Amino acid sequence: MKIVIFGLTISSSWGNGHATLWRGLCKHLIRAGHDISFFERDVPYYAGARDLPELPGGRLVLYPTWSEVEQAARAAIEDADAVILTSYCADGLEVTELILDRPRPLKIFYDLDTPVTLARLQAGERLSYIGAGGLAGFDLVLSFTGGPRLVEEYRKKLGARQIKPLYGHVDPDIHHPVAPQPHYRADLSYLGTYSDDRQRAVEELFVHPARARQDLRFLIGGAQYPHDFPWSPNIYFVRHLPPAEHAAFFASSRLTLNVTRQAMAAMGWCPSGRLFEAAACGAPLISDRWDGIEQFFSPGEEILLAGSTKDTLAALTQDDHALARIARHARERTLDEHSSAKRAQELIALLEQSSSDSHSHLAVEEA
């Protein structure tokens, strides 16, 4: 298949969760023989932290303005079997206008920010990546989030016809067990971009335990942390951690924390890519609670859950053997069910099914 993607970014992992997911997905699509092009607007904040300047085996198009790339985008679309537009694409409205006028290729919208999208719509906000016509013109809508509300919400609010989940994943070529590194050593680590809407949970599950256990070492990795973050003398910080360093970061942690953004936790069935990355690296996981988490990891067997400072402190008292068992089980499940190769297979199956449905629909109309 020739697949053209218009996305937020694949070239920079700074301050976003899209890039790492697209890298793993595109790599395994290319390995399976598919032709992949990724269009991304070249913006200063990603250019300054670019850690993937080209797409191996595929085509990365970095462009300064839509007007300067429109002709090339049009040519790519006309030659494609499928076009995927993602949430927060800088020129989502222009891409939508370009693709909806054509009977082919297959038109896909992939929302990697489903709960945020729905929350903003509920608040009456306008979205820069979904136009006034909603998603009714797309053959298939993919969502980073699943659960019982998914289909109803997308049909009611955006007119989507076909909606399927395509969850997060991990590339085991990048995220795998490695030797611990002294500078990443931690009794509890947390990797994530700063976000106001999960700060309360970070303080409850990470900062307060750090203050209670001054004898232990705590480590945060991520971007955009403010100066007034409630640091403690035993909390250490790594400002930007590119994907190539994730394995060492997780492998050096006795236990690592996942905190889900508020809108995602409220909707449920929305596993962060960090969960799968840490598990693939062999790090024992502790996470905040949300509906549907047991679909991805078995609580107590493959992951520990926390709703309070007390829960985190209890997890830190578990012996090494118990934590190693949890980590081993989580890694096994991740490699079986949540790898980038697995998601690439799922994506192609969804595209082929959607294409078949579209052809059947056209045949009925022509008859």
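# Close-up views of a predicted model

**View 1. The largest pocket has a volume of about 830 Å³.** This is a predicted model, in which local features need pLDDT of at least 70 and side-chain atom pairs count only at pLDDT 80 or more, while totals for chains, interfaces and linings use all residues. Residues are numbered from 1 along each chain as its sequence is written, and side-chain values use heavy atoms, with hydrogens and water left out. Here a pocket is an open set of points, on a 1 Å grid over the protein atoms alone, where a 1.4 Å probe fits and protein lies on both sides within 12 Å along at least five of seven lines; lining residues have an atom within 4 Å of a point. Grid points are joined across faces, edges and corners, and the volume is the space filled by probe spheres set on them. By type, the lining has 13 nonpolar, 18 polar and five charged residues. In this count, Ala, Val, Leu, Ile, Met, Phe, Trp, Tyr, Cys and Pro are nonpolar, Asp, Glu, Lys and Arg are charged, and the others, Gly among them, are polar.

**View 2. R31 and D173 meet through their side chains in a salt bridge.** The N to O distance is 2.8 Å; a salt bridge is a side-chain nitrogen of Lys or Arg within 4 Å of a carboxyl oxygen of Asp or Glu. R31 belongs to helix α1 and D173 to the loop between β7 (163-165) and β8, so this pair ties together parts 142 residues apart in sequence. R31 is exposed, at 56% relative accessible area, whereas D173 is partly exposed, at 39%. Those words follow set cut-offs: buried is under 20% relative accessible area, exposed is over 50%, and partly exposed is in between (1.4 Å probe, protein chains only). The structure holds 23 salt bridges.

**View 3. The side chains of E301 and R325 form a salt bridge of 3.5 Å, N to O.** E301 sits in the loop between β12 (285-288) and β13 (304-306), and R325 in helix α12 (residues 320-337), so parts 24 residues apart in sequence are tied together. E301 is partly exposed at 39% relative accessibility, and R325 is partly exposed too, with 26%. Salt bridges that share partners also join K27, R31, D171 and D173 into one network.

**View 4. Seven strands make an open sheet with parallel pairing.** What is the order of the strands? The order is β3-β2-β1-β4-β5-β6-β7. β3 (59-63) and β7 are the edge strands, each pairing on one side only. On average, neighbouring strands of this sheet are turned by 20° against each other, direction ignored; the axes are lines fitted to C-alpha atoms, for helices over the stretch in contact, and angles run from 0 to 180 degrees between N-to-C directions. Strands count as paired if DSSP finds at least two bridges between them. Five bridges join β1 (residues 2-6) to the parallel strand β2 (residues 35-41), with K2 opposite D35. Four of the five residues of β1 are buried. Further along, four bridges join the parallel strands β5 (residues 106-111) and β6 (residues 140-143), and I108 has L140 as its bridge partner in β6.

**View 5. Strands β8 and β9 run parallel, joined by four bridges.** L191 has G221 of β9 as its bridge partner. In β9 (residues 218-221), F218 and I220 point one way and L219 and G221 the other way, and all are buried. Side chains in a regular strand alternate between the two faces of the sheet.

**View 6. R104 and P105 are joined by a cis peptide bond, with omega about 10°.** P105 is in the loop between α4 (92-100) and β5. Two further backbone spots are worth a look. Y88, in the loop between β4 (82-86) and α4, has a phi near 65°, a positive value in a residue other than glycine. Q224, in the loop between β9 and β10 (235-238), has a positive phi near 70°. Y88 is partly exposed at 28% relative accessibility, and Q224 is partly exposed at 43%.

Methods. Helices (H or I, at least four residues) and strands (E, at least two) are DSSP runs, numbered from the N terminus.
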